[in-house]
Amino acid sequence: MSRKRPIHAVTPVAPKLPARRAPTIALALGGGGARGLAHIPVLEAFDEMGLRPKIIAGTSIGAIFGAAYAAGLSGREIRAHTQEVLKKRLDLVRDLYSARVRNTRRIWNVFTAGSAFLAPARLLDVILPPSVGNDFAGLRTPLKIVASDFYAQEPVIFASGPLRKAIAASIALPVIFEPVVHEGRILIDGGLVNPLPFDLLHGEADLTVAIDVSGSPVRRPGQEMPKAWETLFASNFIFERTIIKEKLRSRHPDVYIDAGTSRFQILDFLRLDEILAAAEPAKERLKAQLARVMEAETLEAVEGPEPEKELPAPKRRALLRRGRTAKS
């Protein structure tokens with residue numbers, strides 16, 4: 001009589017699911033003078049969400065804060081340093097005085113003077129955190145900085161080499177700052193050619209985030225005519241807003257945030273607390289939008305594309321903004 005073999009129960013093995021990889025982020029910080037102080041809450045939002053951009057691009061004041069963040073400083077550290085610099089008003093005036101390019105009398109003849117009021121490189125010695133080095137090689141996060149070639153009338157993109165010179169060129173707003181000479185080229189403010197450089201980040205990461213701090217002139221109560229200096233700076237606002245609108249028509253970042261600081265003037269740096277407070281709603285919008293598009297991107301990476309009709313609206317919008325359909 002043959003012995004029956006025992007029957008062993010087989011435990012079904014669950015299929016192994018692919019790991020949920022967090023999407024990478026490319027961050028563009030725009031130019032806009034003092035309105036760009038709004039970048040500080042934006043950087044704090046990244047820290048609070050436990051995120052770090054894979055690459056950063058910055059123009060003008062966006063280049064300053066982009067360099068500080070790329071150097072490894074947190075948003076909170078950047079806020080503390082900025083407050084320290086701008087709160088010491090008397091010391092700041094003294095430091096600006098030492099950074100002047102010419103005698104004060106040149107200001108009154110600025111349109112025929114051979115230079116401008118401030119030397120941007122010397123100003124950076126005053127305002128940049130000491131941990132921001134002199135070369136791109138010392139950064140923890142890759143960085144692109146935009147300047148404008150005065151004679152060629154085209155953008156110049158820095159991604160390596162002398163970091164502080166690149167920032168100085170990017171912030172060299174005409175009349176206020178002396179142009180920067182680099183390799184025989186005369187460089188001025190990058191906002192004149194690319195005030196919100198999210199296009200430089202195409203293909204660099206899964207998601208692109210753009211922070212717009214450009215502005216438009218705001219009429220003050222009882223004001224009939226703008227002052228001469230307001231008219232001068234307003235022309236720069238018009239250039240920036242026009243360029244950004246055209247860029248957004250052809251390519252839209254995954255997350256676009258208007259910082260909501262348009263009512264401030266380009267030189268309102270001593271209104272730091274007001275600008276930071278005004279940017280808080282933008283910070284919360286950024287966190288909400290980032291969470292939404294990152295979840296959509298992560299789900300797509302794990303589950304694969306779904307039929308378009310079944311996509312939740314936020315995910316469908318995120319995919320369409322990236323220039324592809326759910327079926328692609």
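A salt bridge is a side-chain nitrogen of Lys or Arg within 4 Å of a carboxyl oxygen of Asp or Glu. By this rule the count is 16 salt bridges. The model is predicted: local features need pLDDT of at least 70, side-chain atom pairs count only at pLDDT 80 or more, and totals for chains, interfaces and linings use all residues. Residues are numbered from 1 along each chain as its sequence is written, and side-chain values use heavy atoms, with hydrogens and water left out.

**Salt bridges**

- Glu280 pairs with Arg79 in a salt bridge whose closest N and O atoms are 3.8 Å apart.
- Glu280 lies in helix H9 (residues 280-303) and Arg79 in helix H3, so this pair ties together parts 201 residues apart in sequence; helices (H or I, at least four residues) are DSSP runs, numbered from the N terminus.
- Glu280 is partly exposed, with a relative accessible area of 29%; buried means under 20% relative accessible area, exposed over 50%, and partly exposed in between (1.4 Å probe, protein chains only).
- Arg249 and Glu246 form a salt bridge, with their closest N and O atoms 2.4 Å apart.
- Arg249 is exposed at 62% relative accessible area, whereas Glu246 is partly exposed at 46%.

**Helix H2**

- In helix H2 (residues 61-70), 10 of the 10 residues are buried, so the helix is largely enclosed by the rest of the structure.
- Phe65, Ala68 and Tyr69 in H2 meet Gly75, Ile78 and Thr82 in H3, where contact means heavy atoms within 4.5 Å.
- After H2 comes Gly72, which has a positive phi, near 110°.

Key: Helix = DSSP H or I, 4+ residues; strand = E, 2+ residues; numbered from the N terminus.
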